[in-house]
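Thank you all for coming; I would like to walk through one model this morning, going from the contact between its chains to a few individual residues. Please keep the sequence and the structure in view while I talk.

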Amino acid sequence: MKGHLIFSDGTIIEGASFGAETSIAGEIAFSTSMMGYPESLTDPSYKGQILTLSYPIVGSYGVPKRETWESGKIQVSGLIVSQYIDTPSHFQSSMSLSQWLKSEHIPALEISDTRFIVKKIRDEGATLVKIEFGEKIDFIDPNKENLVAQVSTQKIETIGKGKKKVVLIDCGVKDNIVRELVKRNVTIIRVPWDCDFIEEGIQCDGVLVSNGPGDPKMADKTIEIVKKILALKIPLFGICLGNQILALASGGDTYKLAFGHRGQNQPCSLVGSKTCYITTQNHGFAIGKIPPGFKPWFINCNDGTNEGIIHKTLPFMSVQFHPEAAPGPVDTSWLFDQFISML
Amino acid sequence: MKTKFKKILILGSGALKIGQAGEFDYSGSQAIKVFKEEGIKTVLINPNIATIQTSKELADTVYFLPVTLEFVTQVIKKERPDGLVLSFGGQTALNCGMELFKKKILQEYNVEVLGTPVSAIILTEDRKKFAHHLQSIHVSTPASFAVRTVEEGQKRAQEIGYPVMIRAGFSLGGQKSGVAFTEKEYKEIASDALAFSPQILVEKYLHHFKEIEYEVVRDQYDNCVTVCNMENMDPLGIHTGESIVVAPSQTLTNYEYHELRRLSIQIVRSLGIVGECNVQFALNPHPKKNSFEYYVIEVNARLSRSSALASKATGYPLAYVGAKLILGYALNEIQNQVTKTTQSYFEPALDYIVVKIPRWDMDKFKGTTEKIGSAMKSVGEVMAIGRNFEEAIQKGIRMLDIGVSGVTDTSKTPAELNIKTHIKQANSKRIFFLIKALQQGVSVHSLYKLCGIDPWFLDRLKVLVDEENMLIKNKTLDKQSIGSLKKIGFSDKRIGEIVGKSELEIRVLRKSFGVIPSIFQIDTLAGEVPAKTNYLYMTYGGSHNDVVPLGKKGILVLGSGPYRIGSSVEFDWTCVNSSLALKKYNKQSIIVNCNPETVSTDYDMSDRLYFEELSFERVADIYEFEGSESVILSVGGQTPNNIAQKVHAYNIPILGTSAEDIDRAEDRNKFSQLLDSLDIKQPQWNSFEDMKSALSFAQTVGYPVLIRPSYVLSGAAMNLCYNEQDLKHFIQKATDINKKHPVMISKFISNAREVEFDGIAQKGEVKVHVIANHIEHAGVHSGDATIVYPAERVRYHSGARMIEIASQLAKALHITGPFNIQFMVKDNIVYVIEMNLRSSRTFPFVSKVTGVNFAEVLVDSFFGKAKTYTIPYPKFVAVKAPQFSFSRMESADPVLRVEMSSTGEVACFGDTAEEAYLKSIISTGFSLREKTALITVGGEENKLRFAESVWRLKNLGFKLFATQNTHLFLKSKGVKTTRVAKVYEKKNPNVVDLIKSHKVSLVINLSEDYQNGSLYKKEGTDGYLIRRATIDNNIPLITDLNAARLFVKAIDKYELEDLQIKSWNEYL
């Protein structure tokens, strides 16, 4: 069956469907990752977005079991690829990508010129799109919704049995952040994005503010909680959205990048050294004004934008990239070690 | 400036051979550019005169000398460099560097090796120590034992359990290695390998594991990136140089990809590598309990063939960056040469797939098997880029230039009864056998069981077979169906073949539907940021173009395609130099080529680079998109020349000589008439459509005769026939003989001198020419011949006649541009053998020995601006010698004949031909261990003509061995030799035993002409057994009388120390 990808500027591109034939609206995004589509699709940061993969051949190794996903379900609203492979080949594959998408009611289109879409997003910014199968639907701006609230956990949950306790503020956390912490033998108390755990009397040795979808300013409640944490000088580590929240909570500011960073090949250098790391990224906003008391920690080698901040004297730090990788290179997993050492 | 180094010595890789090809011209050239940029003086040693790195514009000082311990030491003594670079000259440079290090030469002259420390190189080259090192950092390696004897290894093999893998230490391209399933096989392979290397490895054989490679770069601040990963389509057991390879990997999950990436980086860090390194893994496709089972198979601590591929596949200039790194730069201090807006610390993101396919030329080696395995046999490769695997592999198969119109075209595949055998045993045509099996309905699963190629790839091939079957069934071509066929790589020609239309008809039809390819950039970042790159490919997986046409200023320059026997780096030199020369005329060059080993496909050699097919369809696509002025077909060898008529018929202007005139030179009938009309002599010849008239012609002119098919199919060979039986045999072999495809038979003139004439004409007037003579008599292919400049052996009268003939032909054919004539002289009569209206293999040689850049002059001639050159007689002699790779071609007969079999060439200078010749053959690997030689001479005339040389050998103190007849003959001339039994005498030790036990350091085996020339019924004769044993035991072999005589004269005149260490500048 054919479906159409319709941009808010009127551009219409036809494609062959290989997912659920459900019309849907959202914001278009892209990733230049060449592998790791199961991880990307289940990344809550993509909530509300229709993801275009610039690597043209997708589906090749099928869909592995739940253990390697980044959350319990597909989070993207829709998927666009150049060529879909319906004959997956991998010992871990439990179903084809198409079967998975259909079972989770996610539409997907094969549109051969995905490079055109990538360049369009790059030049014009993320815009509203919809995938239609015959019926007409309206554009929806997911950024007007509180996406963090939609993907965050609803309940407080304890994971692991380590001595040290870490509160994980779940703004749409990727499972691999949890796995990285569990690996380091800590007890994780996973709380909803708006849970004032201090008020609730939860004691901890440190706080990790997770990644998540959308505009950081929508996570106003999280920002307020982080302000309290900072005041109490509890060690804090922010990742991606968590990085922006830390900046906003401590008097810094964020701005929209001319060209967002979307892939597994983003180079960052550690400020004040010659050391560089390859990182996974997926963001269109960056920290502009460094908050008082903080200094730049990482910067992007390509465009010089800020990729992380660290407090000059107190145990607060955050990075814009994804040290938990999945998908992507594991160069910066040492950041978890550093966080644990601060507890 | 970043570095303390003032003068750097760079070791090149020497002649192209199997396992070490053009990729090192690319990497060395990039390195020299970087050093120059940094203001460092550069000295290059490389005897490969056809390379671009040995150009005036690159290194400050060039030595055309062997890359061996002795010569390099002398150069170091003379030049006193403070730095030495080993990583850009392949295994040759690395081996030489290790010797220099071990002999403490570097210490003595205070020379520092840049980049990766020599100790790390030595570690990676010693398999046992290296395996130990990897274990110490908790990296898995397959169970492996280094042994020095066959017996010791046998015990180990039993321990590991068959099948086992056997490899020779210190070798390139997996030479002398193989998989043994039985003890008997083990013994054969192991004793072979031990003949070449003091140490072999017996390893666990990982049956049908995936083979995955990573290209890693590291700077001195410990920053690492993996530029590219690659997945071999063929499973482990097939050398990566013999495999079809894709980039990036297709069947790896995120976890597998990044675990292997992490391990690669860990290994590279542990070795302290600065620069480039390649890590190869085996990965179990079906591990127990969902685990992750991998082994490290190999690590190359230098630029390699894979790095050249990775560089071209991603657009990341590995060699350029590698050179900057060894000077001390950090990765993020080096600008990204492709985007110009980012830097070099990043990992390229691809939005396309790359497929590399090896090019084999096994049919050129009579007697060799088509099997492929863990040793390298391919002579070149192509790289195809597409938006899906189907598109890329179809392009790649066509790029091989083997006469097929796509993957599904099995017309050139032997009609074997048992397809499955040819799928199970990997061979050079396996992909076509897979297609055949799929066409017959064999399932992907059962094919996987047979060959171990991941079902993912087999399923892609099945798509192609299924789609073609659909077309065969309904034959309808509308916008939709043509569009989807083009998307998966079907050519116009193939579609036409199926529906019964011509290529051109399909082209017109699809264009009427608006089905045309898109032009995409290779931008290293998958479109994430705008890039200013000129590196392009075409695809039907697009709906927009990334660039706008250059218009009339653009000129297409067609490259040579894959390297193969007969077409190699020399054409790339001409292509690159012509492309650069266009600037002078305010034109923009658009290079089209598909060979990742070339310099012409570097990002800075043209205004635009299309990494594309050299087919008519694609050239016409590019021409139409770009709106170019014209196209140059005459600088890339025969491949681009082959489409001249089609290009012309399609009204694309060709620069230089017109297509009609090209045809008049290439069509033998027309050319022969032209020669007759000008009163120019040629050997008698005719073309024949039946056996009877052919035999009667041969009878009339007298044997020997030379036979060749007029319609030259790939691998269709020329052959010499000495009698009726021979002729019948070869006519029968040319199954295609009929009215449409007659065979040509010409009188062969024995003992004639062959002469190369290279020239450039403008509007029919010769502007520059060079004459050089062959050492070997006519009958040895010019590509295999030893060539001497100046033509000392051509008398004044003959030379004058050649110039006269060339002028007449240039005028008659209205030549503008390059041409080459092969002359033959017998009894002072000059004959024309062949003429080509394109630049020849000898263009870089003649340009470098005369100082006149022929590529520039030919471009001048296109614009009517060529000057007339008179080249003074030189004060030196230069000799170009062929490089053979017979040792890689199991059971091939290592003898010179009318068909070319050399894979590369070198050229050196000297005061005399003897000096230059000695330097040249040493450059090709010739070394005399001791003064011992075996001499077997067939035929009375040969014996008489060689007698004097044997005397000289005797006087030089050689201990000589000879077989019966030669022994008796020499005895009658007063030369004492030790008689050795021939094999058929069934006595021990026989001549082969003598060779195997290395009791001789040189074998001179001169067969009678008919034995040499005639090809069939060869195996099993004594001559063959002697030659083969010589090659297999790595002993120098001379099989040509004239070459042997020159050799003896040379060693009579010169000791190694007498050979002068003079740079190119000092000679010219």
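Predicted model: local features only at pLDDT ≥ 70, side-chain atom pairs only at ≥ 80, totals over all residues.

Where they meet, 22 residues of domain 1 of chain A are in contact with 23 residues of domain 2 of chain A. On the domain 1 side of that contact, the elements giving two or more residues are strand E3 (24–31) and helix H1 (37–41) of chain A, and the residues on this side divide into seven nonpolar, ten polar and five charged.

Two places in the backbone of chain A deserve a careful look. One is the peptide bond between A:Ala326 and A:Pro327, which is cis, with omega at about 5 degrees; A:Pro327 sits in the loop between strand E19 (316–319) and helix H8 (334–342) of chain A. The other is A:Lys233, which has a positive phi of about 60 degrees although it is not a glycine, and which is found in the loop that runs from helix H6 (220–232) to strand E14 (236–239) of chain A. Is A:Lys233 buried or exposed? A:Lys233 counts as exposed, because it has 12 C-beta neighbours inside 10 Å.

Let me turn to chain B, which has 38 helices and 38 strands. What radius of gyration would a compact globule of 1068 residues have, and what does chain B have? The globule would come out near 31 Å, and chain B has 28 Å, so the two agree. Along the principal axes, the C-alpha atoms of chain B fill a box of roughly 75 × 65 × 65 Å, and buried residues make up 61% of the 1068 residues in the chain. Among the contacts in chain B between residues at least 6 apart in sequence, 71% join residues at least 24 apart.

Chain B also has backbone details to point out, and I will take them in sequence order. B:Gln158, in helix H7 of chain B, counts as partly exposed because it has 13 C-beta neighbours inside 10 Å. B:Gln158 and B:Glu183 are 25 residues apart in sequence, while their C-alpha atoms are 8.6 Å apart in space. A cis peptide bond, with omega at about 0 degrees, joins B:Tyr162 and B:Pro163, and B:Pro163 lies in the loop between helix H7 (150–160) and strand E7 (164–168) of chain B. Further along, B:Asn751 has a phi near 55 degrees, a positive value in a residue other than glycine, and its place is in the loop between strand E26 (743–747) and strand E27 (753–762) of chain B. With 14 other C-beta atoms within 10 Å, B:Asn751 is partly exposed.

Terms used. Residues numbered from 1 in each chain as written. Chains lettered and ligands numbered in written order. Helix = DSSP H or I, 4+ residues; strand = E, 2+ residues; numbered from the N terminus. Rg over C-alpha atoms; globule rule 2.2 N^0.38 Å. Buried ≥ 20, exposed ≤ 12 C-beta atoms within 10 Å, placed from the backbone. Contact = placed C-beta atoms within 7 Å. Nonpolar A, V, L, I, M, F, W, Y, C, P; charged D, E, K, R; others polar.
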